[in-house]
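Subject: Handover of a structure for your review

Dear colleague,

I am passing on to you the structure shown below, together with an account of what was found in it. Please read the notes with the sequence and the structure open beside them.

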Amino acid sequence: MVSTESLNESSIATRISPSIGILAGPTATGKSSLAIELACEVGNIEIINADSLLVYKEMNIGTAKPSAEELNRIPHHLINIKTPDEPFTAGEFKRAAEAALQDIHSRGKRALLVGGTGFYLKSLLFGMWGESEQNASVSLELKTQLEGQCQTKLYQKLFQKDPTSALRIGISDRYRLVRALVLMDQTGKSLTQLQAEVPSLPDPRFALWILDRTSDELHLRIERRTQHMLEEGLISEFQILHSKYPLSRALHAIGYAQVGDSVAGNLPQGRKIEPGMNGLQSEISLATRQLVKRQRTWFRNQSKKTPGSRWFHLEQDRAMLEVEFKSLYRNAYVQI
């Protein structure tokens, strides 16, 4: 038997037409530049960033952040809003993105979300599990106590209370282990219970457009982008950031992590690399290709859960994307 709640949710999702686009997809596909180009062509559009690294000030080269000129062409939100030592969770992103949407629409403008960070997009499309508890005050004493424990002990604690979540997170992810235990203390619920509260259907306001390219083309773009980052001074940027924010988790992101290993003389286990800049470029490109593989898997799974989501392979599908984009943004916006 289908519940009344399920029927209502399904009928609402069918009845409401999307009015906000999300331009997503793997890294290096050219989302940012294409979004600016389309927004300029249509007009009256402001962009909300959905990339977890672009929120950080001073992290410019290694994040392929849009240039000052590009940011001036179209108003952008949620870029350069945090220092690299400040966390910015999916819950914080959702609240900030909703505030930006309200601001943009209150001024008669239209919003476009651009980025490929899966947990940001998932929070916006489906909400946060335990969202009503997200504003509960965090016990700094508990958090400090947990952060002082070894990962094995943290994993064992979580496994005793919620083995499903422990197995999914794994023993090596200290940040998520601590966060899981803190949330369980805050809410009195396991992560498995909280995740069961996530809606089964996505927010009907959004149209999810996933951009991709052929692997050969994307790998070539990754090689060129990596070379450009190194030529622009990625090593120097890392050194400056590391001296100011030595404990920043953001500096473990692809590009910065490989530079950090190179500067520290930490060689990869199990394979030989060229010395110097060529070896560093190879390591960053490899890590980026591996990220693309994970992102494609995530977006394939997500598209199955998001009715109406569309895949576009550039450049062959660009004309179709432009038609769909203009169709959505040239229609009158209806407040939901």
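**Findings**

Phe325 counts as buried, at 0% relative accessibility. The word buried stands for a relative accessible area under 20%, exposed for over 50%, and partly exposed for what lies in between, using a 1.4 Å probe and protein chains only. Please note that this is a predicted model, in which local features need pLDDT of at least 70 and side-chain atom pairs count only at pLDDT 80 or more, while totals for chains, interfaces and linings use all residues. Residues are numbered from 1 along each chain as its sequence is written, and side-chain values use heavy atoms, with hydrogens and water left out.

**The chain as a whole**

The chain has 336 residues, of which 45% count as buried. It exposes about 17600 Å², and 51% of that area is supplied by carbon and sulfur atoms; accessible areas come from the Shrake-Rupley method with a 1.4 Å probe, and for residues only the protein chains shown count as cover. Taking contacts between residues at least 6 apart in sequence, 78% join residues at least 24 apart, where contact means heavy atoms within 4.5 Å. The chain contains 15 helices and 6 strands. These are DSSP runs numbered from the N terminus: helices are H or I with at least four residues, strands E with at least two.

**The sheet**

The 6 strands make up an open sheet with parallel pairing, in the order β3-β2-β4-β1-β5-β6. At its edges stand β3 and β6, each with a single partner strand, so one side of each has no neighbour in the sheet. Two strands are taken to pair if DSSP finds at least two bridges between them.

Strand β5 is mostly covered, with 7 of its 7 residues buried. On one side lie Phe206, Leu208, Ile210 and Asp212, on the other Ala207, Trp209 and Leu211, and all of them are buried. Strand β1 (residues 20-24) runs parallel to β5 and is joined to it by 5 bridges; Leu23 has Trp209 as its bridge partner in β5. Strand β6 (residues 310-313) also pairs with β5 in the parallel sense, over 4 bridges, and Asp212 stands opposite His313 in β6.

Elsewhere in the sheet, strand β2 (residues 45-49) and strand β4 (residues 110-114) run parallel and share 5 bridges, with Ala111 in β4 as the bridge partner of Glu46. Ile48 lies in β2 and is buried, with a relative accessible area of 0%. Leaving aside residues up to four places away in sequence, Ile48 touches a set of residues including Leu101, Ile104, Ala111 and Leu113.

**Helices across the sheet**

Helix α14 (residues 276-305) lies across β1, β5 and β6 and runs at about 140 degrees to β6. Helix α15 lies across β1, β2, β4, β5 and β6, at about 160 degrees to β5. Axes are lines fitted to C-alpha atoms, for helices over the stretch in contact, and the angles run from 0 to 180 degrees between N-to-C directions. Gln302, in α14, counts as buried at 3% relative accessibility; Gln302 touches Lys122 and Phe126, residues up to four places away in sequence not being counted.

**Aromatic rings**

There are 7 aromatic pairs in the structure. One is formed by Phe88 and Tyr120, edge-to-face, with 6.0 Å from centre to centre and 80 degrees between the planes. This pair links distant parts of the chain, 32 residues apart: Phe88 is in the loop between β3 (76-77) and α4 (90-106), and Tyr120 is in helix α5 (residues 118-126). Phe88 is buried at a relative accessible area of 10%, and Tyr120 is buried at 1%. Trp209 and Phe325 make a tilted pair, because their ring centres are 5.7 Å apart and their planes stand at 50 degrees. Trp209 lies in strand β5 (residues 206-212) and Phe325 in helix α15 (residues 318-329), so this pair ties together parts 116 residues apart in sequence. Trp209 is buried, with a relative accessible area of 1%.

For these pairs, rings of Phe, Tyr and Trp (its six-membered ring) must have centres within 6.5 Å; planes under 30 degrees apart count as stacked, over 60 as edge-to-face and the rest as tilted. Phe88, Phe93, Phe119 and Tyr120 are linked into a cluster by ring pairs.

Finally, the charged end of Arg249 sits over the ring of Tyr175, 3.8 Å from the ring centre. The criterion is that NZ of Lys or CZ of Arg is within 6 Å of the ring centre and within 35 degrees of the ring normal.

With kind regards
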